[in-house]
Amino acid sequence: MAEEEGKRDSLQISMKGCRTNNGFVQNEDILEREPDPGSPEDNPQPYTMDIHGPVALDFTGVQPFAGMPKEVLLQFSGQARYRVPREVLFWLTVASVLVLIGITIAIIAISPKCLDWWQAGPMYQIYPRSFKDSDKDGNGDLKGIQDKLDYITNLNVKTIWVTSFYKSSLKDFRHGVVDFQEIDPIFGTMKDFENLVAAIHDKGLKLIIDFIPNHTSDKHVWFQLSRNRTAKYTDYYIWHDCTHIDGMTTPPNNWLSVYGNSSWHFDEVRKQCYFHQFMKEQPDLNFYNPDVQEEMKEIIQYWLEKGVDGFSFDAVKFLLEARHLRNEAQVNKTLSPDMITHYSELYHDFTTTQVGMHDILRSFRETMNRYSREPGRYRFMGTEANGGNIDKTMMYYGLPFIQEADFPFNDYLTKLDTPGNSLFNKVIMSWMENMPEGKWPNWMIGGPDNSRLTSRLGKEYVNVMNMLILTLPGTPITYYGEEIGMENILSTNLYESYDANTLVSKSPMQWDNSSNAGFSEGNHTWLPTNSDYHTVNVDVQKTQLTSTLKLYQELSLLHSNELLLSRGWFCHVGSVGDDSHIVVYTREVDGIDRVFTMVLNFGESTSMVNLAEMISGLPSTVSIRLSTNSANKGSAIETSAIKLDKGEGLILEYRTNNLLHHQTALKDRCFVSSRACYSSVFNILYSLC
C-alpha cells in the first residue's frame, strides 16, 4: 500500500490570495480592499493536483498580452493577420538592400576612374643646386627646398620633381653617380632628405626624383671592382678588346659618344676598352647581365622605402646596345669614316632603343607596382623620351595590357625656339594623334638641359606658353623660374669650368632683389645670378597684379578647379587661314553647358581672328575668363573680330549645348583620355555619355 501511495505522489498547493495577472494594470490608484473574513477568497480551500506527466494547456480564447509565454506567441504568430505583414516587411527589406547594392555597383561601373595625384595638377621641376641655399656655401640644397615649400604650394602645384642629388663626381652635373644610395654632401645628408620627404607629404604634395640607370661614375665601387675583374662585377660594364699602342687607341667599332668622338675608352688597369655613351667618366652598365638589373631594382626599392612617390627614369633609350658591335651607318656616306666625330653624323640603330629595352623598363614598373598597393600611394613612373621619333616615344606608354611608364616626358615644346610658325599646332596635334587611347598626356616648356623659354622665344611669349600648358589636357610641368619668366645667364664669368651651354638655364632662383637674388647669404654662388634679378623675382611679382607669377597662379588655380580643364574633351579647331601661328582649341564636358575656348597668338605681330566662322553655333559675344593682358579679364568680346596682340592669349567662356566633339566634321580632332560626363542633378561624374 505504501508503494502504491509512493507511485501516486501528490502535491498540495495552497493558493492564498492569488489573482490572475494578464500583464495589464487597469487602475493603479484602486486601493487594496480590506479582507473580509467571510469571503471565500480569504478562506481558500486546499487544492490537490495529481501529477502523472505533462498536461496540455488550453489557451483557447486567450488574448495576446505582454510577457506571454512562447506557447501563446506561437499560437498567434501563425495567424494570417500577423504572418503576412511580417513577411511583407521582410521581403521589402531584402529588396531594398538588393536595390542599394545594385545602385552602388551601377555607380561604380559607370563612374570614370578618379584622377591620380600625378594627373591632378602641375609638376614643378627643381634643379636642387640652384633653388635655395640654406647653409651659405653658394650651393642650393635639400633644406633650401624645404624652406620654400609654402611658395611651391601657393603655385597650386601637386608634385615636386627634384633632379639628381646622388653622391656624384658632378661631371655633366646629374649623371656621374658615385653612389646611388647616398646624398651628395653639397645637397645635405640623408636625414635632410627624410625631413624633406616628410615636409612635402605634410603639405599634401608628392615627390618624384631622377634615376639614371644607364651608367655610373668611373669612381663607383662597381667600376673599380669590374676593372680588376673581381667576382660577379667582372661583367657589370661593357668591356671589349681593343688595340692601344703608344697612347693611340683603335676602338672596336665606329660608335660615338653623345658628346662626340669615340664611345670607347682604354682602361690601363684592365687593358681593355669600356663603352660610354656619354663622357668617359660615365661608363655604361651592362644590362644584359641579370645581376645589374637586380642591383637597379634594389636601388628603386631603397628610395621607395624612403618615401618617394615616383621616378623620372633618364637616358633609358641607351640601356642596351647591339651585341654584334657592327659599325653604325653614316648620315653622309661621302665623308671619310675617319672624319666622323659628331654624334649627329651617324644613325644610331645599334646603340639606342634595342630589343629588350622596354622589357627592362617593364620590370622596373613591376617593382614599383609592389609599392603601389596601399590606397593613395600609387608610385609614378616617367621616362625621358629625348624628343626623338614620335612613334618610338609613344612606345614608353606600354602595350594595351602591359603597363610601362605613366607617360614619357613630352619635351617637344622645349625644342621650339622661333615664334611665328606652324610648329606649335603641329607639336600639339602630333602628340594627341599618336598617343595610345586612354593614356595621359603631359607638356613641358623648359628643363635643366634646355634653354629657358624667355631666351628661346622672348619674354613676350612667357605668359602665353604658360597659358598653353595649363589649359591643354594632361599634366603641365614647370621648370623652376619659368613661373616668373627667368632668362638664361650669359656663358661668361662662370665660377666652375664646365661646358657653358649646359649651365645657362641652371642659374640661381631669383627670390628677391637682395644680394644674390635672395638665393644665398654666402659671399658667392656656384653660378652667377642673372643681371635682371632686381625686377624679375618672386617678391616683386607677388605684389604686381599684372605679373607673370600672378597669371601663373590664376591659371594653375583654374586648372585645379575646373572639370573642363582637368577632365574635359580637347578639340583642336585648327589654324586660321594663313595665320598658322594662331592656336585655337576648346575644352568641354558632356553635361556641362559651359565651354572654354583658348585663342593663342604665337605670331610676331597683331592678328585678327574671326572665331565665329571657325566654330558653328558660337555666340556673337563671349566673356574673357582670363587673358595674358590682365586689363581684358572679365570683359566681353565679339567673336567675329578678336584682336590678338603679339604673344597674347585668351581663355573665352560661353554657354552652349552644341559641343564640338559631337560634330562629325571635328570627330578626328577631338580627344579625351578618360571619358567623363557630368550630372548636375546628382552632382556626380559618369562615363556612359
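**Notebook: cavities, sheets and a disulfide**

I began with the lining of the second largest cavity, and I listed Glu588, Val595, Ile615, Ser616, Gly617, Leu618, Tyr654, Thr656, Asn658, Leu659 and Leu660. The model I am reading is a predicted one. I noted a volume of about 50 Å³ for this second largest cavity. Sorting its lining residues gave me six nonpolar, four polar and one charged.

**Cavities, continued**

I then asked how many cavities of 30 Å³ or more there are. The count is two. For the largest cavity I wrote down a volume of about 70 Å³. Around the largest cavity I found Trp440, Pro473, Gly474, Leu565, Ser566, Arg567, Gly568, Arg587, Val672, Ser673 and Ser674. That lining of the largest cavity divides into four nonpolar, five polar and two charged residues.

**The seven-stranded sheet**

Next I traced an open sheet of seven strands with antiparallel pairing, and I read its order as E25-E24-E27-E22-E21-E20-E28. I marked strand E25 (636-638) and strand E28 (670-671) as the edges; each has a single partner strand, so one side of each has no neighbour in the sheet.

I looked at one pair within this sheet in more detail. Strand E22, residues 594-601, and strand E27, residues 649-655, are antiparallel and share seven bridges. Which residue of E27 is the bridge partner of Val599? I found Leu650 there.

Helix H11 (residues 423-434) lies across strand E20 (569-572), strand E21 (582-588) and E28. Against E20, helix H11 runs at about 135°.

**The eight-stranded sheet**

I followed an open sheet of eight strands with parallel pairing, in the order E17-E14-E13-E7-E4-E3-E19-E18. From one strand to the next, the twist averages 25°. At the edges I found strand E17 (407-409) and strand E18 (442-444), and each has a single partner strand, so one side of each is left without a neighbour in the sheet.

**Disulfides and a hairpin**

I counted two disulfides. I examined the one formed by Cys242 and Cys273, where the sulfur atoms are 2.0 Å apart. Is this link left-handed or right-handed? I recorded a right-handed link, with 90° about the S-S bond. I then placed both ends in the chain: Cys242 is in the loop between strand E8 (239-240) and strand E9 (243-245), and Cys273 is in strand E12 (residues 272-275). The two cysteines are 31 residues apart, and the pair links distant parts of the chain.

Since E12 holds one end of that link, I looked up its pairing as well. Strand E11 (residues 264-267) and E12 are antiparallel and share four bridges. His265 has Tyr274 in E12 as its bridge partner. Four residues lie between the strands in the hairpin of E11 and E12, and I noted a positive phi near 65° for Lys271.

Note on methods: Residues are numbered from 1 along each chain as its sequence is written. This is a predicted model: local features need pLDDT of at least 70, side-chain atom pairs count only at pLDDT 80 or more; totals for chains, interfaces and linings use all residues. Side-chain values use heavy atoms; hydrogens and water are left out. Two strands pair if DSSP finds at least two bridges between them. Contact means heavy atoms within 4.5 Å. Axes are lines fitted to C-alpha atoms, for helices over the stretch in contact, and angles run from 0 to 180 degrees between N-to-C directions. On a 1 Å grid over the protein atoms alone, a cavity is a set of points where a 1.4 Å probe fits but cannot get out, and a pocket is an open set with protein on both sides within 12 Å along at least five of seven lines; lining residues have an atom within 4 Å of a point. Grid points are joined across faces, edges and corners, and a volume is the space filled by probe spheres set on the points. Ala, Val, Leu, Ile, Met, Phe, Trp, Tyr, Cys and Pro count as nonpolar, Asp, Glu, Lys and Arg as charged, and the others, Gly among them, as polar. A disulfide is a pair of cysteine sulfur atoms within 2.5 Å.
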